[in-house]
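Dear colleague,

Please find the structure below, handed over for your records. My notes on it follow directly after.

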Amino acid sequence: MLTDNNLVTTQNMDTIFIDGLKTQAIIGIYDWERENRQPLIFDIDMLLPIAQAAQSDDINDTVNYKQVSDEVIALVEASRYELLETLCEAICQHILTHHNAVKVINLKVSKPMAVAETNTVGLKITRARTN
């Protein structure tokens, strides 16, 4: 995988995932979206090597998915972005900044109330640590 001119290999990478994380946000470009909270649903895959944590059996050697879930909920509920693109970038940067073990993030957000004729619409992005 090539991200920001740095090669990130997924060899010996494992995935800690959070599927279906539900929260609500003020997000969107239309007046009704700026006035009413809407549900958002997140799927987060965090790639990292777990070998050290498996050896030590210590949460400090891995990622605490409850902590990440709480941080994402707090970030989303406090935000007032117009675009999902901006929100997703902020979430990825937060996780990469505060959880050093994470090397790559695959983030999907669904916005089920955005288009009445669909089940959901949304965005998927991948971000990798650059150092």
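Glutamate 33 counts as buried, since its relative accessibility is 3% (buried means under 20% relative accessible area, exposed over 50%, and partly exposed in between, with a 1.4 Å probe and protein chains only). This is a predicted model, in which local features need pLDDT of at least 70 and side-chain atom pairs count only at pLDDT 80 or more, while totals for chains, interfaces and linings use all residues. Residues are numbered from 1 along each chain as its sequence is written, and side-chain values use heavy atoms, with hydrogens and water left out.

Salt bridges

Glutamate 33 forms a salt bridge with lysine 111, with 2.9 Å between the closest N and O atoms (a salt bridge is a side-chain nitrogen of Lys or Arg within 4 Å of a carboxyl oxygen of Asp or Glu). The pair links distant parts of the chain, 78 residues apart: glutamate 33 is in helix H1 (residues 31-35), and lysine 111 is in the loop between strand E5 (104-110) and E6. Helices (H or I, at least four residues) and strands (E, at least two) are DSSP runs, numbered from the N terminus. Lysine 111 is likewise buried, at 7% relative accessible area.

The count comes to three salt bridges. Another joins arginine 127 to glutamate 89 (2.9 Å, N to O); this pair connects strand E6 with helix H4 across 38 residues. Arginine 127 is partly exposed at 26% relative accessibility, and glutamate 89 is partly exposed at 27%. Lysine 66 and aspartate 70 also meet in a salt bridge (2.8 Å, N to O); both lie in helix H3, four residues apart, about one turn of the helix.

Cysteines

The structure holds zero disulfides (a disulfide is a pair of cysteine sulfur atoms within 2.5 Å). The sulfur of cysteine 88 has its closest cysteine sulfur in cysteine 92, 6.7 Å away and therefore too far for a bond. Cysteine 88 is buried at 0% relative accessibility, and cysteine 92 is buried at 0%.

With kind regards
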